[in-house]
Amino acid sequence: MQKNLDAHLRFGFLIHDVSRMRRIVVDRALKPLGITRSQWWVLAFLSRRDGMTQTALAADLDLTKVAIGGLVDRMEAAGFVERRADERDARARRIFLTRAGQKLVTTIRESVDAVETEIMTVVSEEELDAAGIVLLKVKTRLIELIGSDAEGAGDIEI
């Protein structure tokens, strides 16, 4: 039995639209903190894998090495991150959260939790569980399709 391609396309567009609109709402909530989306994404990734190399961080954020370098420069100047030489590879630089960065991550999480609670008021636990199962299946399949290039496909939580 052939599946309905229109339904598949609508599902893909819906995922994209929900993700895009969620980012807008989260950006608004985080605006008083004075950080950009790119900055809070860096903090999110580092909160899960502190000490990433700039190259790995660039790949995970789908940015060029030059773009991540400038972003990290600004965040280092603001006191949120610090670069350290890799102990095993003198050419590599690792990025770590500072205490101020860790504190900001905590504040971001509190703000995002409040936003998520507000967003999800229209969804029951059962609906959320069912949606999570579907999205996890889709993500797993996408990782299979991406194959060895899936280094940035891990879970992200802020």
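Tutor: In this predicted model, Val81 makes contact, beyond its neighbours within four places in sequence, with Leu43, Leu46, Val72, Met75, Glu76, Ile95, Phe96, Leu97 and Thr98. Val81 is also one of the residues that touch the most other members of the largest nonpolar core, which has 26 residues; Val42, Leu43, Leu46, Leu57, Ile68 and Ile108 are the others. At least two residues of this core come from each of helix 1 (5-30), helix 2 (37-48), helix 3 (54-61), helix 4 (65-77), strand 3 (93-97) and helix 5 (99-119). In soluble globular proteins, nonpolar side chains tend to be buried together.

The aromatic pairs number two. In the stacked pair, Trp40 and Trp41 lie 5.4 Å apart centre to centre, with 20° between the planes. Trp40 is buried, its relative accessible area being 3%, whereas Trp41 counts as partly exposed at 24% relative accessibility. Trp41 also forms a tilted pair with Phe45, at 5.8 Å centre to centre and 40° between the planes. Because Trp41 and Phe45 are four residues apart in helix 2, about one helical turn separates them. Phe45 counts as buried, at 11% relative accessibility.

Terms used:
Residues are numbered from 1 along each chain as its sequence is written. This is a predicted model: local features need pLDDT of at least 70, side-chain atom pairs count only at pLDDT 80 or more; totals for chains, interfaces and linings use all residues. Side-chain values use heavy atoms; hydrogens and water are left out. A nonpolar core is a set of buried Ala, Val, Leu, Ile, Met, Phe, Trp, Tyr and Cys residues joined through side-chain atoms within 4.5 Å. Buried means under 20% relative accessible area, exposed over 50%, partly exposed in between (1.4 Å probe, protein chains only). Contact means heavy atoms within 4.5 Å. Rings of Phe, Tyr and Trp (its six-membered ring) pair if their centres lie within 6.5 Å; planes under 30 degrees apart count as stacked, over 60 as edge-to-face and the rest as tilted.
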